[in-house]
Amino acid sequence: MKNILVTGGLGLLGKPLVSFLRKKKNNIFVLDRSKNKKRNSLIKGRNINFIYGNYQNKNFLKKIIKNKKINVIFHTGAVTQVLEGLKYPFKTYKNNIMGTINILECIRQINPSILLIYSSSDKAYGEIKKRNYLENDNLKSIYPYDLSKTCSDLICQSYSKVYNLKIAIVRCGNLFGPGDFNKNRIIPETILSTMKNQRLKIRSSGKLIRDYLYVDDAVKAYFMIMNKLKNKNSNTLIYNVGSRDNLSVVKLVNMILTLMNRRDLKPIILNKSKKELKFQKLNDNKIRKELGWKQSITINKALSKTINWYKENRNLF
Ligand SMILES: NC(=O)c1ccc[n+]([C@@H]2O[C@H](COP(=O)([O-])OP(=O)(O)OC[C@H]3O[C@@H](n4cnc5c(N)ncnc54)[C@H](O)[C@@H]3O)[C@@H](O)[C@H]2O)c1
């Protein structure tokens, strides 16, 4: 049995990750600064301990890691909205970069054998035109959220190599699934506006292309990566976790409208948001070959599950 700390444990990824780890009989500590009680109620069960707080407070973080005898940390907490990053770069850099450094420092000072699994992102690569990203490509992003991920990704690699820490870096594409409270993300926004009988306003040209991955498949990847990191010889691990569903925004929105039987609600394309990457595609051969990871659900099934969750939890929004 391990004592696992999950930062950002009330987020889209955090909640199913915590539920999955709990089933494996671990002792879980969820650290999140969200005061939204509705979110806590979505992860239930024994062996889950909620700690309300901010990982930017290093002394507080140190106490948790020491007192709870933490031996694995999943650092999923972050400012995660691209638009929020553009509006508040300082806050984004401080939280995402300095917050990650706090965690690394705590591990270095308290117990260098603690495993750290860090949520980086495909955004960390920046724009690499017309081809898919490989783990050993240079990271060269420019927009604030993206750059906050690039910096913390590189800093994690540095701590792992310089201080011999056991760190795995996970670079996923766009995640979706039940329990996403970021109403500005394209999938929740499409579902919620359709439920309200409204036409969706797409901020971009609608042509931006991303990998879309169901969150439970991402959770499995995180778990496999943690197990790999436990090996004596694993120190710095980096894995892309992509998707066979590499779609434009318009295509994705139309799939949701079809599943909701509302193709009549044709989206309005505003074409306002210009400061975003145009094309992203991860090459995930490495995790497939080395760990045997694969997607287990089709996009239509995954979207249907997500739509049903929003319908059943209409009262939370
Ligand atoms: N969702 C995606 O499409 C996606 C894709 C690739 C990578 N990622 C990365 O995966 C991770 C999880 O993403 P998500 O979609 O679950 O995000 P989310 O926005 O749903 O959840 C993030 C959680 O972190 C918490 N948090 C933020 N700052 C905190 C702080 N200083 N102290 C304590 N808690 C804090 C928030 O309250 C929130 O509950 C993030 O690091 C994100 O950058 C996400």
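This is a predicted model: local features need pLDDT of at least 70, side-chain atom pairs count only at pLDDT 80 or more; totals for chains, interfaces and linings use all residues.
The model contains an open sheet of seven strands. Their order is β3-β2-β1-β4-β5-β6-β10, and the pairing is parallel. Strands β3 (48–52) and β10 (236–241) stand at the edges. Each has a single partner strand, so one side of each is left without a neighbour in the sheet. From one strand to the next, the twist averages 15°.

Strand β4 (residues 72–75) lies between β1 and β5 in the strand order. On one side, β4 runs parallel to strand β1 (residues 3–7), and four bridges join the two. Here Val-6 has Phe-74 of β4 as its bridge partner. Four bridges also link β4 to strand β5 (residues 115–119), again in the parallel sense. Two pairs of residues show how these strands line up. Val-72 stands opposite Leu-115 of β5, and Ile-73 stands opposite Leu-116 of β5.

In a regular strand the side chains alternate between the two faces of the sheet. For β4, both faces are covered. Val-72 and Phe-74 lie on one side, and Ile-73 and His-75 lie on the other. All four of these residues are buried.

Helix α6 (residues 144–163) lies across β5, β6 (166–172) and β10. The helix runs at about 155° to β6.

A ligand is surrounded by 26 residues. The closest are Gly-8, Gly-11, Leu-13, Ala-78 and Ser-119. Several elements contribute to this shell. Among them, β2 (27–32), α5 (89–110) and β7 (174–176) each supply at least two residues. By residue class, the shell holds eight nonpolar, 16 polar and two charged residues.

A further open sheet has three strands, in the order β7-β9-β11. Its pairing is mixed. The edge strands are β7 and β11 (246–248), and each pairs on one side only. Neighbouring strands of this sheet are turned against each other by 45° on average, with direction ignored. Strand β9 (residues 209–214) pairs with β11 in the antiparallel sense, over three bridges. Within this pairing, Arg-210 has Leu-247 of β11 as its bridge partner. Helix α9 packs on the sheet and touches both β9 and β11. The direction of α9 makes about 90° with that of β11.

Two packed helices are described by the angle between their axes and the distance between the axes. Helix α9 (residues 249–259) and helix α11 (residues 299–312) provide an example, as their axes come within 10 Å and cross at roughly 65°. The crossing is right-handed. From α9, the contact uses Met-255, Ile-256 and Leu-259. From α11, the contact uses Asn-300, Leu-303, Ser-304 and Ile-307. The residues of this contact are five nonpolar and two polar, with no charged residue.

An α-helix has 3.6 residues a turn, so residues three or four places apart point the same way.

After α7 comes Asn-197, with a positive phi near 70°. Gln-198 and Lys-266 are 68 residues apart in sequence. In space, their C-alpha atoms are 9.4 Å apart.

Most residues other than glycine have a negative phi, and most peptide bonds are trans. Two further loop residues have a positive phi. Lys-25 has a phi near 65°. This residue is placed in the loop between α1 (14–23) and β2. Lys-25 is exposed, with 10 other C-beta atoms within 10 Å. Asn-261 has a positive phi of about 55°, although it is not a glycine. This residue is found in the loop between α9 and β12 (268–269). Asn-261 is exposed too, with 8 other C-beta atoms within 10 Å.

Notes: Residues are numbered from 1 along each chain as its sequence is written. A residue is buried if 20 or more other C-beta atoms lie within 10 Å of its own, exposed if 12 or fewer, and partly exposed in between; C-beta atoms are placed from the backbone. Two strands pair if DSSP finds at least two bridges between them. A residue is near a molecule or strand if its C-beta atom, placed from the backbone, lies within 6 Å of it. Ala, Val, Leu, Ile, Met, Phe, Trp, Tyr, Cys and Pro count as nonpolar, Asp, Glu, Lys and Arg as charged, and the others, Gly among them, as polar. Axes are lines fitted to C-alpha atoms, for helices over the stretch in contact, and angles run from 0 to 180 degrees between N-to-C directions. A crossing is left-handed if the near helix is turned anticlockwise from the far one by less than a right angle, and right-handed if clockwise. Two residues are in contact if their C-beta atoms, placed from the backbone, lie within 7 Å.
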